[in-house]
Amino acid sequence: IPVDLFDLVIFGGTGDLAQRKILPALFRRFCGGQMPKGARIIAAARTNLSQSDYKAMITNAIQAYGGNQANDAVALEAFLDCLTYTRVDATGDIGWPELSTLMAQGQGARVSIFYFSVGPNLFGPLAERLHKHGLAQDSSRIVVEKPFGRDLESARALNATLATHFSEGQIYRIDHYLGKETVQNLMAIRFGNMLFEPLWNSQYVDHIQITVAETVGIAGREAYYDRSGAMRDMMQNHLMQLLCLIAMEPPAKFDPDAVRDEKLKVIRALDTVEPHHIVRGQYQAQQGADDRHDSYRETVGNLRSTTESYIALRAHISNWRWAGTPFYLRTGKKLVARSSVINVFFKDAPHSIFGEEAGRHANLLSIRLQPNEGITLKVTIKEPGPGGMRLMDVPLDMTFSEALGAAGGNPPDAYERLIMDVIRGNQTLFMRGDEVEAAWAWTDPIIAGWQARGDVPKPYDSGSTGPDDADLLMRRDLREWQGIN
Ligand code: BG6
């Protein structure tokens with residue numbers, strides 16, 4: 001279904017995100033017939049580029065990141081016709097009158113969207129100039145990317161800056177995890193099935209593990225990453241969002257404020273994490289490997305860096321539903337496999353009618369977010385054969401690509417969904433200002449704690465499952481991680 005007619009201005013139009021994600025996503029939606037005729041994409045950046053140079057740059061980007069449809073030369077040409085490049089200086093006056101003229105040329109009623117695909121230091125200047133040049137209308141929308149601040153104070157300042165010229169209903173803060181098909185599926189699984197929700201509490205759930213393991217390192221973004229680390233880069237946002245979706249109360253409706261109110265309550269109910277429930281790690285060159293440059297410190301060019309590329313922690317949500325149930329969260333770079341999975345471990349049956357020798361068996365619901373998206377429920381059955389009543393665990397497995405065919409095997413990229421939602425004016429999958437601030441309010445004391453203690457991350461081998469201490473964190477609770485193979 002085509003969306004409303006729109007003008008989308010991308011500030012940072014020559015940047016990495018525009019080339020790798022935003023424009024390829026728009027191209028795929030164009031091919032999917034969702035972009036209405038007459039919609040315009042206006043890429044703005046400081047560089048002086050001709051239309052043809054810019055289009056050549058984007059052609060390359062789409063060929064690299066646009067998927068199979070990028071081979072369709074006719075579609076690509078038609079898409080490029082919707083694209084205009086214009087030179088604009090975010091901090092000066094160059095290009096603004098031209099941008100205003102360009103916007104005024106749009107025929108008919110259209111939604112105007114300004115995508116701030118730039119560093120947060122430019123959010124304020126951009127908002128200011130949009131206002132000054134009469135481009136910030138009540139109906140315009142702005143899109144901002146993470147990092148949304150680096151602590152509570154800076155996030156508050158950013159929110160205040162944006163609020164000078166835009167209302168909360170006009171601001172779309174992207175956490176691309178919320179645009180992932182399988183992440184949205186978490187809500188469908190929880191609230192679309194009668195089966196799980198009655199058991200979804202501390203009475204039946206022993207604990208929950210959320211793993212986001214990556215094989216990539218930080219090459220190419222050293223400066224940003226070394227100032228951030230895994231806590232700010234992943235935990236405060238992506239893992240926090242997963243935690244919210246898995247732990248929140250059922251919202252009354254699938255509507256922006258109903259969903260975001262419930263997520264906010266989860267964040268606000270989080271206890272401060274105890275220092276001995278946190279493990280920070282930093283990858284080092286794999287022992288015996290040829291590639292000596294594969295260590296975090298060598299990559300960032302700072303042999304004394306104490307930034308973590310891995311973090312694991314045990315969180316508690318102090319509310320009626322979850323009191324007493326630990327949530328173990330971990331994420332890291334240069335791990336042995338790329339695997340994002342949520343494991344819900346149910347408690348043992350209260351009494352085994354089969355006696356001691358049947359062993360202990362408990363259900364486990366694994367929700368695989370990527371790759372190999374799907375769900376597995378581990379159930380207990382009788383071991384086949386005449387040897388008495390012995391029990392074993394087997395998986396009830398559903399892989400989306402098998403169950404849904406092509407539609408399940410090739411889910412749209414998160415940016416396709418999110419950009420279309422901005423045009424539709426649906427904020428459900430975007431973070432509200434108070435949510436971001438609450439997440440920083442939880443993160444800040446944890447970071448302050450390790451800074452005060454002079455904590456140094458534990459080394460772990462590239463290509464491993466993370467530092468040994470993360471396993472210890474579990475073993476002390478008589479549990480173990482599952483989720484990275
Ligand atoms: C980004 C982080 O937000 O998410 C990166 O800044 C990380 O460090 C990326 O690699 C992971 O996203 P995905 O979609 O590949 O899981």
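Helices (H or I, at least four residues) and strands (E, at least two) are DSSP runs, numbered from the N terminus. The model is predicted, and local features need pLDDT of at least 70, side-chain atom pairs count only at pLDDT 80 or more, and totals for chains, interfaces and linings use all residues. Residues are numbered from 1 along each chain as its sequence is written, and side-chain values use heavy atoms, with hydrogens and water left out.

The protein chain is divided into domain 1 (6-145) and domain 2 (178-412 + 433-475). These bounds come from an automatic or database domain assignment. The C-alpha centres of domain 1 and domain 2 lie 35 Å apart.

An open sheet of six strands has the order β3-β2-β1-β4-β5-β6. Its pairing is parallel. Two strands count as paired if DSSP finds at least two bridges between them. Strands β3 (83-87) and β6 (171-173) stand at the edges, each with a single partner strand, so one side of each has no neighbour in the sheet. Neighbouring strands of this sheet are turned by 20° against each other on average, direction ignored. Here axes are lines fitted to C-alpha atoms, for helices over the stretch in contact, and angles run from 0 to 180 degrees between N-to-C directions. Strand β2 (residues 40-45) runs parallel to β3, joined by five bridges. Within this pair, Ile-42 has Thr-84 of β3 as its bridge partner. Helix α5 (residues 123-132) packs on the sheet. It touches β1 (6-11), β4 (111-116) and β5 (141-144), where contact means heavy atoms within 4.5 Å. The direction of α5 makes about 155° with that of β4. Helix α13 (residues 414-424) lies across β1, β4, β5 and β6. It runs at about 135° to β4.

Strand β9 (residues 310-315) pairs with two strands described here. Strand β8 (residues 278-284) and β9 are antiparallel, over four bridges. Val-279 has Ala-312 of β9 as its bridge partner. Strand β10 (residues 327-332) is also antiparallel to β9, with six bridges. Tyr-310 is bridged to Gly-332 in β10. Is β9 enclosed or open? Six of its six residues are buried, so β9 is largely enclosed by the rest of the structure. Buried means under 20% relative accessible area, exposed over 50%, and partly exposed in between (1.4 Å probe, protein chains only). In a regular strand the side chains alternate between the two faces of the sheet. Tyr-310, Ala-312 and Arg-314 are buried on one side of β9, and Ile-311, Leu-313 and Ala-315 on the other.

Ile-367 lies in strand β12. It is buried, with a relative accessible area of 4%. Its contacts beyond four places in sequence include Leu-186, Ile-246, Val-341 and Gly-374. Ile-367 and Tyr-172 are 195 residues apart in sequence and 27 Å apart in space, C-alpha to C-alpha.

Strand β11 gives the most to its lining, with three residues.
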